[in-house]
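Please look over the sequence and the model together before reading on. The report below is meant for someone meeting this structure for the first time.

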Amino acid sequence: MSWLARLFAPRRREAPRAADLPSAPAAPSASTPPAPAAFSIPLACWLLAADAPSGAGPSADEAAALARIDAVLAQPGLPEDLLPRAAALVPQLLAMLRQGDELPVAAMAQRVARDAVLSAEVLKLAGSAYYRGRGEASDLQQSISLIGVQGLHTVIARVVLKPIYDQAPGPWSRAAGARLWTHAEALAAECALRAEAVPVFDAYLTGLLHDSGWTAALNLLDRSGVEFAAPSEAFAAALERRAYRLFGRAARRWAVTPAFAELGADTLRHPLGTSPHPLAVVLRDAMPAALDRVRAEAA
């Protein structure tokens with residue numbers, strides 16, 4: 001959590017900007033291509049705990065599974081049952097965040113105290129190495145004062161959104177397991193560190209929610225009847241493109257922030273690799289670093 005503390009620290013005069021932090025990589029410009037990943041394994045392979053693609057592919061079964069996903073993408077919206085019920089809480093996230101901006105610290109502390117998980121996350125962030133250097137917090141109200149509104153927003157987002165990545169009972173979803181949430185957190189971190197042309201929190205949410213498209217894609221694979229196996233190289237690439245489009249369908253429905261809703265609409269017009277939308281640029285640049293991060297941490 002220490003990188004979160006540094007990134008979302010209250011903006012005091014002596015506090016460094018996110019782009020100036022030692023742990024933050026230099027933010028690439030919109031015209032700079034993403035740096036090559038240190039690991040060449042496709043994201044789908046890492047998520048599914050496969051060491052390498054099974055071949056060039058796609059196989060006949062994989063092609064049939066892609067056709068099933070394409071049929072869903074041809075619909076005007078995302079079917080309600082493709083994501084866990086927790087996804088319905090996403091619109092409430094925006095209301096909570098906006099309301100929190102207008103509440104005094106004491107009132108925010110009272111609201112946070114109603115949720116044991118949220119309270120624990122706030123106390124954990126306030127007790128991180130970075131914030132311990134900025135002051136002591138002996139209770140929830142002091143912790144909220146210490147981490148500030150942006151820190152609280154980050155904690156709320158993580159607590160509300162994590163259940164979206166609860167694994168489904170099917171073989172494809174089980175194979176991904178906790179790796180989806182691990183990657184989502186890493187992607188959120190990398191997106192936030194690159195947020196020079198967009199609000200930091202918009203970038204953070206984009207990274208944290210992007211892998212909901214993978215949740216939907218894996219659920220569709222579970223329902224396709226295709227036996228679980230290490231994906232082929234072509235199938236892994238095709239899945240990644242479709243997961244982004246599935247995420248876009250959900251983003252349009254959630255509309256957590258205006259820029260986030262615009263990104264959802266942009267996914268109908270552009271693939272991630274060529275999209276000019278500022279959040280898509282941030283996401284595209286952050287993805288290789290996020291995969292490097294999770295693979296290095298797992299090594």
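What follows goes from the chain as a whole to one helix, and then to selected residues and pairs.

## Basis of the report

This is a predicted model, in which local features need pLDDT of at least 70 and side-chain atom pairs count only at pLDDT 80 or more, while totals for chains, interfaces and linings use all residues. Residues are numbered from 1 along each chain as its sequence is written, and side-chain values use heavy atoms, with hydrogens and water left out.

## The chain as a whole

The secondary structure of the chain comes to 15 helices and zero strands, where helices (H or I, at least four residues) and strands (E, at least two) are DSSP runs numbered from the N terminus. Of the 299 residues in the chain, 51% are buried; here buried means under 20% relative accessible area, exposed means over 50%, and partly exposed lies in between, with a 1.4 Å probe and protein chains only.

The accessible surface comes to about 13400 Å², and 54% of that surface belongs to carbon and sulfur atoms; the areas come from the Shrake-Rupley method with a 1.4 Å probe, and for residues only the protein chains shown count as cover. Among the contacts in the chain with a separation of 6 or more, 77% are between residues 24 or more positions apart, a contact being heavy atoms within 4.5 Å.

## Helix α12 and its surroundings

Helix α12 covers residues 212-224, and its 13 residues reach 18 Å from the first C-alpha to the last, close to the 18 Å expected at 1.5 Å a residue; the expected span is 1.5 Å times one less than the number of residues. The helix is mostly covered, since eleven of its 13 residues are buried, including W214, L218 and D222. The cover over these buried residues includes α2 (43-47), α3 (60-73), α9, α10 (179-193), α11 (200-210) and α13. Just after α12, G225 takes a positive phi of about 85°.

G170 is placed in the loop between α8 (140-161) and α9 (171-176), and its relative accessibility of 12% is why it counts as buried.

## Salt bridges

The structure holds six salt bridges, each being a side-chain nitrogen of Lys or Arg within 4 Å of a carboxyl oxygen of Asp or Glu. One of them joins R242 to D70, with the closest N and O atoms 2.8 Å apart. Because R242 lies in helix α13 and D70 in helix α3, the pair ties together parts that are 172 residues apart in sequence. R242 counts as buried at 15% relative accessibility, whereas D70 is partly exposed, with a relative accessible area of 29%.

Another salt bridge is formed by E121 and R158, whose closest N and O atoms are 3.1 Å apart. E121 lies in helix α6 (residues 116-126) and R158 in helix α8, so this pair ties together parts that are 37 residues apart in sequence. E121 counts as buried at 18% relative accessibility, and R158 counts as buried at 11%. In the salt bridge between R269 and D266, the closest N and O atoms are 3.8 Å apart; R269 counts as exposed at 56% relative accessibility, while D266 is buried at 3%. Salt bridges that share partners also join E121, R158 and E185 into one network.

R249 lies in helix α13, which runs over residues 233-254. Leaving aside residues up to four places away in sequence, R249 touches L73, Q75, L78 and L268.

## The loop around S275

S275 is found in the loop between α14 (258-266) and α15 (278-298), and S275 is buried, with a relative accessible area of 1%. The side chain of S275 makes a polar contact with the side chain of D266 at 2.4 Å; a polar contact is a pair of N or O atoms within 3.5 Å, where within protein one must be able to donate a hydrogen and the other to accept it, and residues adjacent in sequence count only if both atoms are side-chain atoms. The side chain of S275 also reaches the backbone nitrogen of H277 at 3.2 Å. When residues up to four places away in sequence are not counted, S275 touches D266, H270, A280, V281 and R284.
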